[in-house]
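The following exercises are to be worked through with the sequence and the 3D structure at hand. Each task is followed by a solution in steps.

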Amino acid sequence: MIRYKKLGYVVLSVTDLNKSTDFYENVVGMQFVERENETVYLRSSRDHHNLILEQGPEAGLKRVAFELEKASQFQGVFDYLTEQGLNPVELSKKETQALAQGRTLRFKDPIIGVTYEFYVEMMQMGLPFVPKQAKITRFLHVVYDTNRFDELLDFYTNVLNFVVSDFSGREVAWAWLRAFPTPYHHNLAITKGPENKLNHLAYQAESVDDIGIQVNKLNDNNVPILFGPGRHHPSGSIFLYFADPDGLTLEYSQGMEEFPEENAREPRRLEPSKETIDEWGGSPKPDFAKYGKIIEEDLVKINN
Ligand SMILES: CC(C)C(=O)/C=C/C(C(=O)O)=C(/O)C(=O)O
Ligand SMILES: [Fe+2]
């Protein structure tokens, strides 16, 4: 059984690396760690990185990385994914050293083609994370649109050991999932849509005040606010969605429900109503979750 420590980081392809680095540092609130050629590492915790930006010809999602609960689980998880026919590839020492992390495997999900990375022992930085702008406290979740909803839900729950926190729909069209046994209501969610794409990425804000302060700061910086502030009924969180320089939707989220490992409540089937989406009655702008191409790449970059 796969046991996760946390959602660790994502890799985004961006069309203007300098602009996006400035945005994620000075608007979103992450801390710059280092730049290696066309790759920038940023963090929102003691981890060496919680976001990698890569210059590319088009914007999109390249990779989603989860940290396994224990280093001792790595080989067992590798063997399990092999048995499941997912053909995981273990990264070379050279590549894991470049990433400042321990043993690392990658595979592609066979449904929508997202590259996943499972790793252990990411280097912990000497100084604590200090947000420069918004007080973000962690990288919280990834959401996809998919036209293969049922297969994707089956894959996460029956192969990758994610647990459903809530569903929505008469015919289920939303599912919020947590990587077992991580406590947050969701570190991954999926929704039915005409295509397979990233819907949004979310960062936890320290307090409700920080969300309110960000409304003003985003407006001052002419950053488009795409939805909110409001309160999502599923996780109970206060939210604020805005656009990154490539139009990708980002969320600040505060106050999400947390689950115990044992005796957690059962998932609820929620009405897909306006009030479920936002208890305060708001609606998303047309550009909400409009962009977010899934970019497929080679699993291994540095061979030895
Ligand atoms: C916008 C959708 C329909 C919605 O309700 C989102 C809910 C939540 C939440 O409850 O926290 C999210 O953040 C999410 O799905 O990402
Ligand atoms: Fe969200």
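**Exercise 1. Determine which residues lie on the face of helix 4 turned away from its buried side, and then describe the buried side itself.**

Solution. The face turned away from the buried side of helix 4 carries the exposed residues Asp 154 and Asn 158. Helices (H or I, at least four residues) and strands (E, at least two) are DSSP runs numbered from the N terminus.

The model is predicted: local features need pLDDT of at least 70 and side-chain atom pairs count only at pLDDT 80 or more, whereas totals for chains, interfaces and linings use all residues. Residues are numbered from 1 along each chain as its sequence is written, and chains are lettered from A and ligands numbered from 1 in the order in which they are written.

Next, the buried residues of helix 4 (residues 149-159) are Phe 149, Leu 152 and Tyr 156. They lie on the same side of helix 4 because they cover an arc of only 75 degrees around the axis, the arc being that of the directions from the helix axis to the C-beta atoms. These buried residues pack against strand 9, strand 10 (162-168), strand 11 and strand 12 (188-192). Just after helix 4, Asn 161 takes a positive phi of about 60 degrees.

**Exercise 2. Identify the residues with the most contacts inside the largest nonpolar core.**

Solution. Such a core is a set of buried Ala, Val, Leu, Ile, Met, Phe, Trp, Tyr and Cys residues joined through C-beta atoms within 7 Å. The largest one has 74 residues, and Val 10, Val 28, Leu 51 and Tyr 203 have the most contacts inside it. Strand 1 (residues 4-14) provides the largest share of this core, seven residues. At least three residues of the core come from each of domain 1 and domain 2. Apart from neighbours within four places in sequence, the contacts of Val 10 include Leu 51, Leu 61 and Val 142.

**Exercise 3. Locate the cis peptide bond that joins Phe 180 and Pro 181, and the one from Gly 228 to Pro 229.**

Solution. The bond between Phe 180 and Pro 181 has an omega of about 0 degrees, and Pro 181 is placed in the loop between strand 11 and strand 12. For the bond from Gly 228 to Pro 229, omega is near 5 degrees; Pro 229 belongs to strand 14 (residues 225-231).

**Exercise 4. Explain why Asn 222 counts as exposed, and give its phi.**

Solution. Asn 222 lies in the loop between helix 5 (208-220) and strand 14. Asn 222 counts as exposed because it has 6 C-beta neighbours inside 10 Å. Phi of this residue is near 55 degrees, a positive value in a residue other than glycine.

Notes
A residue is buried if 20 or more other C-beta atoms lie within 10 Å of its own, exposed if 12 or fewer, and partly exposed in between; C-beta atoms are placed from the backbone. Two residues are in contact if their C-beta atoms, placed from the backbone, lie within 7 Å. Domain bounds come from an automatic or database domain assignment.
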